[in-house]
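Please keep the structure open while reading.

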Amino acid sequence: MNDFKEIYSFGSLTLNTSLHYLKHNRQIRLSPKCTRVFALLAESANNLVEKEHVLEIVWPGRFGADESLTRAISDIRKALKDFKPGAEKAIKTVPKRGYLLNTALLEEAFAEVDQQGGELDENVVRESTPPKTARYAGLSRRLTTFNLIISALCLFIIVLAGYFAHNKFAPKHIDSIAVLPFEVIGSDPELSNLAKGLGYEIAMQISFQQHVRVASPMAVDRLDSRLKLDEIASVLDVSHIITGSVNTVKNEKTISISLVHANTQKMLWTEQHQFDENSLIEIYKSVLTNFRYLGDAKALPIGYSDHQAIKPSAYANYLKGMQTVRSQLWYEWAEAIPYLNRALDIQPDFYPPLVSLAAYYSLSSYFGGRSDHLMKARSLLDRAIASNASDVEYLGAEALYHLACASSGAEKERCSLEEALLFIHEAITLAPEYWAPVYVKGLIFEKQDDLAQALALYKRAKELDANVTGPYVSMADIYLRQNDNDSYNKLKEEYVAVMSNGTGVSQSAEKAFELFHKRRYFDAYVLAYMIESKIAASNIKELKIRIETELGRDLNLNGLAELPLNAELGPIYRLFGLGRSAPKEAVDLILQIDENVTYRSWLSRQYAEIMLKFADAGEINKNYDKLIRAIKRSRSPREHTFMAYLMKLRNQEGWQEHLDDVFNFKLNPSYKDEYDFHLAHAESFTMLDNFDKAFEHLALIEQGIGKSTVASFSPFMYWESPMIQPLSDDPRFKAMIDRENKRRAKINARVNAFLEMNKEEKRALFKRMKEKYSL
């Protein structure tokens, strides 16, 4: 971790590393990364600073950050030139090596000047001043009194002018704002989680204020770090931005938070606080109080900090958990759960984590079929009620519980969709500009089969925040149910455009997945590698792992088998490794994690595949009910082949009827799952001993027939399906495996060559790849 001084001075120019600005008569704001680059040059003034050293300190572990450094240097030079034309020459580029700050040039450009523009010389001033005599003493006293009166009047006029200027020029109403992730200088993950969690909590509370639209944390997280504030404002369509950064100077942590008018770059206010557990609540209240003063005059709910005496360590753990909750989809909250539980261990009556956990358990029950989570949700909500919970998040969690409960058929005497509507209506009344309650209301109407009303509410939620995924997914589902392919395709195009945030990253991700499904693994791998550091999406990591699994890259598979279960995607990644190297361990693992995370349809599919492939008859009989539930949650035509194969293993009659469901399955033209469609047919024809038809479908898969929504999450190759193993003695099967092995060897050689390239060679390949696919 680098400790920078708070102030660097060069004549009349100062660099403030805490508040991120340059000052000379006026202030010009710098991004935190520009500030750190300038500070590094200042620390080694008049000496060469190697480019690699700057990249290591400012962009640690980020591949392809050279362009970001070049842009940062350009932004610093522009700021210097805005102050004094020619001052930008103080930063010298040493080709292919780095940069040098010439302080002599900088100090000459910003030499202290008097009001007439001449240099000040204190000795000359003292010598040219005539000595006082008694003759002038009385006059001096009278002038002094007169000057004091004039000074007081001037001060009064300045204050009065400032008041009117503020009322004329300060924003009386802030209609849109983004809270950027509070940055931590250094590599302390716990401190980073704490700072981000505080920022997200501030954003959430501001979003409850009427007439203020707040950019979602998901949209902010997807931003390209190279964007400047005005570009960020344009991408997110906001007028104001709150930024924050945590600095460590001499082991003392401080946080600086600013509200900036995005287009003019003017700071409306800036505040600095000590940053530790004991100061978090005061920081939170101070920022919201300042925002309320500058923005809407209506009351801004400060929240639970006014209702409860909060223990600092409980609040700190809550914030660490919420940085995941605010920025991820609900099924990716696993990393947040330990923090929220720890907050409750410290303070059992602290209701925000009670409400967040209740919402999670209700969502996992509604979307994932975990009816056993309903009792947990109800218990948590009852505890929240005892702690006087009454805010928007509590009302939303109650609505989710009643929706999940009424949908499951469990404990119906305690819940109903009517109750869900009452709670969510009150939440919308309290926070009409917050997208989540509107979206939940749409879920309730969809459950009542009022698709028109549900669609209207999903559209409204999307209008309130176009950067969250939920409304798009629910709208797409309705369009598909209505066979409205035109609306579905338009929505998909809109979603891709929004998710890219003007950076093209989402477009590259879409192309990477498209290439993967067409079995063009090398190009898909290179694109995934190219954008991995620029996109906050776990599916890109999953794609890389899936490609490496398809290619049988042993180094990756061995590492996957050692991954811890407590990681967000630890189970799924471990299964990729164990499914090949340790079948018995794979069965043990899938049995261990089934009760926790099988609400994901693709993990249910893995459960079914691993059990049917490796488990013995005793394990299948013992876990029969779980296996049936997993098969039914697989959500693909293979659900029917799984069921037919299970019944055949158990010598049950009627297994052929499930194969009829496969043959009657129709692909939706807008949402093709061709891989599973053809594999299910190959499995079905194999079980019916029609090998010729089975090989026809396997040939289509081998050619790369197109999109698959769930094949990416299977630990097995298509030829490893237990249902098609009777084909293994056929010469056509052996020829297919030989072709696959040769193809994998060829692609692996290309991947190895790519990984051995230096940065310049990789950058050239990336450029060619972008041109090839018009990215």
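## Overall make-up

The protein chain holds 35 helices and 13 strands. The model is predicted. The chain has 775 residues, and 53% of them count as buried.

Contacts reach across the sequence. Taking contacts in the chain with a separation of 6 or more, 62% join residues 24 or more positions apart.

## Nonpolar cores

In soluble globular proteins, nonpolar side chains tend to be buried together. Here the largest nonpolar core has 102 residues. Six of them touch the most other members: Phe182, Leu198, Ile206, Ile242, Phe275 and Tyr315. Helix α15, residues 392-408, gives the most to this core, with eleven residues.

## A covered helix

Helix α22 spans residues 521-531 and is mostly covered. Ten of its eleven residues are buried. They are Tyr521, Phe522, Asp523, Ala524, Tyr525, Val526, Leu527, Ala528, Met530 and Ile531.

## Packing of α30, α32 and α33

Helix α32 (residues 674-687) packs with two helices treated here, α30 and α33. The axes of α30 and α32 lie 9 Å apart, at an angle of about 25°. An angle under 35 degrees counts as roughly parallel, so α30 is roughly parallel to α32. The crossing is left-handed. On the α30 side, the contact is made by Arg638, Thr641, Ala644, Tyr645 and Lys648. On the α32 side, Asp676, Leu679, Ala680, Glu683, Ser684 and Met687 take part.

The axes of α32 and α33 come within 8 Å and cross at roughly 160°. Because angles over 145 degrees count as roughly antiparallel, α32 is roughly antiparallel to α33. α32 passes α33 in a left-handed crossing. From α32, the contact uses Tyr675, His678, Leu679, His681, Ala682, Phe685 and Thr686. From α33 come Phe691, Lys693, Ala694, His697, Leu698, Leu700 and Ile701. Leu679 of α32 is named in the contact with α33 and also in the contact with α30.

## Arg638 in its setting

Arg638 is found in helix α30, residues 638-649. Is Arg638 buried or exposed? Its relative accessibility is 1%, so Arg638 counts as buried.

Leaving aside residues up to four places away in sequence, Arg638 touches Arg605, Glu609, Asp676, Leu679, Ala680, Glu683, Ser721 and Met723. Of these, Asp676, Leu679, Ala680 and Glu683 are among the α32 residues that make the contact with α30.

## Salt bridges

Side chains of opposite charge can pair when their charged atoms come close. The whole structure has 13 salt bridges. One network of salt bridges links Arg378, Asp382 and Glu398.

Two pairs sit within single helices. Arg481 and Asp477 both lie in helix α19 (residues 470-481), four residues apart, about one turn of the helix. Their closest N and O atoms are 4.0 Å apart. Arg481 is partly exposed at 44%, and Asp477 is partly exposed at 36%. Lys693 and Glu696 both lie in helix α33 (residues 691-703), three residues apart. Here the closest N and O atoms are 3.8 Å apart. Lys693 counts as partly exposed at 36%, and Glu696 counts as partly exposed at 47%. An α-helix has 3.6 residues a turn, so residues three or four places apart point the same way.

Glu702 and Arg739 meet in a salt bridge at 2.7 Å, N to O. This pair links distant parts of the chain: Glu702 is in α33 and Arg739 in helix α34 (residues 731-755), 37 residues apart. Glu702 is buried, with a relative accessible area of 19%, whereas Arg739 counts as partly exposed at 43%. The cut-off for buried is under 20%, so Glu702 falls on the buried side at 19%.

Terms used. Residues are numbered from 1 along each chain as its sequence is written. This is a predicted model: local features need pLDDT of at least 70, side-chain atom pairs count only at pLDDT 80 or more; totals for chains, interfaces and linings use all residues. Side-chain values use heavy atoms; hydrogens and water are left out. A nonpolar core is a set of buried Ala, Val, Leu, Ile, Met, Phe, Trp, Tyr and Cys residues joined through side-chain atoms within 4.5 Å. Buried means under 20% relative accessible area, exposed over 50%, partly exposed in between (1.4 Å probe, protein chains only). Contact means heavy atoms within 4.5 Å. A salt bridge is a side-chain nitrogen of Lys or Arg within 4 Å of a carboxyl oxygen of Asp or Glu. Axes are lines fitted to C-alpha atoms, for helices over the stretch in contact, and angles run from 0 to 180 degrees between N-to-C directions. Angles under 35 degrees count as roughly parallel, over 145 as roughly antiparallel, 65 to 115 as roughly perpendicular and the rest as oblique. A crossing is left-handed if the near helix is turned anticlockwise from the far one by less than a right angle, and right-handed if clockwise.
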